[in-house]
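Subject: Structure handover and notes

Dear colleague,

I am passing on the structure we talked about, together with notes on what was found in it. Please read the notes with the model open beside them.

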Amino acid sequence: MTTPAYPPKPVPGDRVAVISPSSGLPGLLPLPYELGLERLRKDFGLEPVEYPATRKLGSTPQERADDIHAAFADPTVRAVFASIGGDDQITVLPLLDDELLRANPKPFFGYSDNTNLLVHLWNAGIVGYHGATVMCELGRPGAMDPLTADSLRAALFTSGPYELRPASRFREVDLPWEAPESFLAEPPTEPGSGWTWIRPDEVVEGRSWGGNLEILSWLLMADRGIARDPSVYDGCVLFLETSEDMPRADDVFWILRALGERGLLRRFGALLMGRPKAWSFRQPLEPEARLDYAREQREAVLRAVDAYAPDMTVVLDVDLGHTDPQVVIPYGGTVRVDGPARRITVTY
């Protein structure tokens with residue numbers, strides 16, 4: 001495999017594609033989607049371009065693959081945004097034209113189910129960007145969180161090092177997207193807990209790989225996208241996060257154990273673990289139960305790492321997943337984890 005290369009960046013005034021490689025939720029919940037499009041225009045100076053399946057519920061894998069191809073092949077489009085995630089993007093991967101993608105590399109922004117496409121682009125030699133979907137981050141009620149907006153702006157328009165910092169406040173309780181009043185005021189947040197460093201004795205620098213843990217488990221089961229030769233990931237920095245599906249601590253451990261048994265975990269020099277998402281409309285946990293859920297997940301992560309990669313540096317509660325704010329991680333880009341200085345720097 002070739003080392004992923006950074007694609008050219010857009011500049012204000014450029015056209016950017018907005019596609020739905022997973023779910024066509026913009027067609028069902030237009031309020032956060034339209035707000036996200038407006039912010040792309042007004043706050044970032046970009047002109048969003050929609051495709052046939054962007055707002056189509058129940059689109060076929062082929063229709064979504066066609067939109068991906070059209071977005072990457074259009075020479076007037078300079079970046080590609082996912083509207084949101086979903087749960088079946090894995091069915092799109094076999095339909096993708098890798099030669100077309102390699103011939104037209106562009107920054108792609110998405111996370112959650114979009115881990116599928118990020119893994120695929122990594123394998124095709126293209127750096128992607130984990131984070132910043134139109135509906136979730138750009139369509140945030142009230143205003144974009146400044147930490148999210150600053151990270152996205154740097155990832156979109158600049159090339160070079162960018163130091164991450166912990167969120168002073170965060171949010172994991174969502175507001176109903178179908179209710180207009182949800183978008184009238186700043187959502188409530190709570191104090192952040194900072195990062196927790198485990199074995200911060202070394203400086204680790206390497207290309208990033210990872211994404212949503214549940215999606216990676218599906219790729220493992222389908223034997224798709226993840227290299228059979230684990231040495232491909234030697235020296236890389238692993239980053240992981242879990243979704244609003246809120247997998248049990250045992251499930252998190254079992255997935256990581258499978259990565260360990262496959263010989264993958266020990267290949268990475270460091271792990272950045274996203275802050276656990278501990279609330280959803282299906283599991284609206286009370287504050288104490290949310291703390292318990294997050295603690296149990298952290299313990300499961302450390303139990304797996306201690307078993308399979310006992311020398312690995314681990315940083316817990318990095319704001320890179322399904323909680324708000326969210327920093328963008330260059331997928332396949334360089335990440336520097338400076339344990340002694342307690343600093344994380346990504347290269348956009």
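Strand β12 (residues 270-274) and strand β13 (residues 313-318) run parallel and are joined by 5 bridges, where helices (H or I, at least four residues) and strands (E, at least two) are DSSP runs numbered from the N terminus, and where two strands pair if DSSP finds at least two bridges between them. Within this pair, leucine 272 has valine 315 of β13 opposite it.

Before going further, please keep in mind that this is a predicted model, in which local features need pLDDT of at least 70 and side-chain atom pairs count only at pLDDT 80 or more, while totals for chains, interfaces and linings use all residues. Residues are numbered from 1 along each chain as its sequence is written, and side-chain values use heavy atoms, with hydrogens and water left out.

The two sheets

The strands β12 and β13 belong to an open sheet of 8 strands with mixed pairing, whose order is β6-β16-β15-β10-β11-β12-β13-β9. Its edge strands are β6 (161-163) and β9 (196-198), each of which pairs on one side only. Direction ignored, neighbouring strands of this sheet are turned by 25° against each other on average; axes here are lines fitted to C-alpha atoms, for helices over the stretch in contact, and angles run from 0 to 180 degrees between N-to-C directions.

A further open sheet, also with mixed pairing, is formed by 6 strands in the order β2-β1-β3-β4-β5-β14. At its edges stand β2 (47-50) and β14 (329-331), each with a single partner strand, so one side of each is left without a neighbour in the sheet.

β1 and β2 run parallel and are joined by 4 bridges; arginine 15 stands opposite glutamate 47 in β2, and valine 18 has glutamate 50 of β2 as its bridge partner. Of the 5 residues of β1, 4 are buried, so this strand is largely enclosed by the rest of the structure, buried meaning under 20% relative accessible area, exposed over 50%, and partly exposed in between (1.4 Å probe, protein chains only). In strand β2 lies valine 49, which is buried with a relative accessible area of 15%. Neighbours within four places in sequence aside, valine 49 is in contact with Arg15, Val16, Ala17 and Val18.

Proline 7 is found in the segment before β1 (15-19) and is buried, with a relative accessible area of 5%. Not counting residues up to four places away in sequence, proline 7 touches Pro105, Lys106, Pro107, Ile126 and Val127. Proline 7 and valine 127 are 120 residues apart in sequence, yet their C-alpha atoms are 6.7 Å apart in space.

The pockets

A pocket, on a 1 Å grid over the protein atoms alone, is an open set of points where a 1.4 Å probe fits, with protein on both sides within 12 Å along at least five of seven lines, and lining residues have an atom within 4 Å of a point. Grid points are joined across faces, edges and corners, and a volume is the space filled by probe spheres set on the points.

The largest pocket holds about 990 Å³ of space and is lined by 39 residues, of which Ile84, Cys136, Asp174, Trp177 and Glu244 lie nearest its centre. The elements giving two or more residues to this lining are α5 (134-138) and α7 (213-222). By class, the lining has 14 nonpolar, 11 polar and 14 charged residues, with Ala, Val, Leu, Ile, Met, Phe, Trp, Tyr, Cys and Pro counted as nonpolar, Asp, Glu, Lys and Arg as charged, and the others, Gly among them, as polar.

The second largest pocket has a volume of about 220 Å³, and among its 15 lining residues Phe170, Glu172, Leu291, Ala294 and Arg298 lie nearest its centre. Both β8 (190-191) and α9 (287-308) supply at least two residues of this lining, and α9 gives the most, with 6 residues.

With best regards

Note on methods
Contact means heavy atoms within 4.5 Å.
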